[in-house]
Amino acid sequence: LYCVHPRRNDRFLTTSAALRIIYPDVDFTEVNFTGHLLETLERSSAARFEIVVEELRWAWVQRMRRIVKSISGDVQLLWMSRRSPDDAARDTSSSDPMFVTRAMLDELSPHIAGVTEVVGKGQDPSCQKVPFACGRSDAPVHAAVADALARDVLPLLATEKGPDLAVEALAYDGDPAGHSFSISSGTAVNRSATRP
């Protein structure tokens with residue numbers, strides 16, 4: 001329906017002919033960001049906006065399938081949002097990933113090892129439009145993500161590398177500056193609140 005910048009996918013570039021047909025009354029020249037685009041479309045016509053939402057959902061599932069199939073080995077998806085995938089995601093006011101639902105994740109289940117879910121609630125309201133990007137106040141959420149991923153991904157590594165793979169236990173000590181865990185092969189993965 002629209003094109004975005006190849007490296008800044010929040011930056012709106014142009015519309016497709018199909019979107020211009022659905023919304024002939026909308027002037028797209030003032031739109032610079034995808035969030036603004038979607039808010040404009042929703043305000044213009046709720047009924048027509050449902051067509052856009054369904055198309056975005058379909059495209060998300062198709063592209064995720066293509067990405068997952070291109071990855072060798074097991075794939076563990078990370079759900080990191082202010083809402084659960086079970087919560088309503090019907091309009092532009094919902095937290096990212098916008099419009100993604102449990103049913104969409106379920107469509108990917110034959111192609112993935114699983115989904116790790118971390119729902120961060122009650123963060124600084126000024127961060128609402130930029131989930132998990134407000135610095136130290138979100139460090140506990142990032143630590144929760146690291147711990148959840150370690151819980152879900154390390155068994156996949158053990159299965160892939162064999163049962164003798166020794167994995168060091170993770171313990172979050174409250175220091176968001178940096179943690180690491182090591183695998184007996186000598187591989188180390190660093191994690192921090194600013195560089196997950």
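Let's start with helix H3, which has 25 residues. From its first C-alpha to its last it reaches 36 Å, close to the 36 Å expected at 1.5 Å a residue. Keep in mind that this is a predicted model.

Which residues of H3 are buried? They are Phe 49, Val 52, Val 53, Arg 57, Ala 59, Val 61, Met 64 and Val 68. The cover over these buried residues includes H1, H2, strand E3, residues 76-81, and helix H4, residues 102-108.

Now H2 against H3. In general, two packed helices are described by the angle between their axes and the distance between the axes. For H2 and H3 the angle is about 140°, and the axes are 6 Å apart. Angles over 145 degrees would count as roughly antiparallel, so H2 is oblique to H3. On the H2 side, the residues that meet H3 are Leu 38, Leu 41, Glu 42 and Ser 44. On the H3 side they are Ala 46, Arg 48, Phe 49, Val 52 and Leu 56.

Several of those names come back in the largest nonpolar core, which has 14 residues. The residues with the most contacts inside that core are Leu 19, Tyr 23, Phe 28, Leu 37, Leu 41, Phe 49 and Val 52. Helix H1, residues 17-22, helix H2, residues 34-44, and helix H3, residues 46-70, each supply at least two residues of this core. There is also a second, separate core of 11 residues, which includes Val 61, Trp 79, Met 104 and Leu 108.

Back to Tyr 23. What does Tyr 23 touch, not counting residues up to four places away in sequence? The list is Phe 28, Leu 41, Ser 44, Ser 45, Arg 48, Phe 49 and Val 52.

Thr 34 is found in helix H2. Is Thr 34 buried or exposed? Its relative accessibility is 14%, and the cut-off for buried is under 20%, so Thr 34 counts as buried. Beyond its neighbours within four places in sequence, Thr 34 is in contact with Tyr 2, Val 4, Asn 9, Asp 10 and Phe 12. Of these, Asn 9 is 25 residues from Thr 34 in sequence, with 8.0 Å between their C-alphas.

The other one is Thr 116, in strand E4, residues 114-119. Thr 116 is buried, at 0% relative accessible area. Its side chain makes a polar contact of 3.0 Å with the side chain of Gln 76. With neighbours within four places set aside, the contacts of Thr 116 are Gln 76, Leu 77, Leu 78, Trp 79, Ala 148, Leu 149, Arg 151 and Asp 152. Trp 79, in that list, is also in the second core.

Key:
Residues numbered from 1 in each chain as written. Predicted model: local features only at pLDDT ≥ 70, side-chain atom pairs only at ≥ 80, totals over all residues. Heavy atoms only, no water. Core = buried A, V, L, I, M, F, W, Y, C linked by side-chain atoms within 4.5 Å. Buried < 20%, exposed > 50% of the residue type's maximum accessible area, 1.4 Å probe, protein only. Helix = DSSP H or I, 4+ residues; strand = E, 2+ residues; numbered from the N terminus. Contact = heavy atoms within 4.5 Å. Polar contact = N/O pair within 3.5 Å; in protein donor to acceptor, adjacent residues only side chain to side chain. Expected span 1.5 Å × (residues − 1). Axes fitted to C-alpha atoms, helices over the stretch in contact; angles between N-to-C directions. Parallel < 35°, antiparallel > 145°, perpendicular 65-115°, else oblique.
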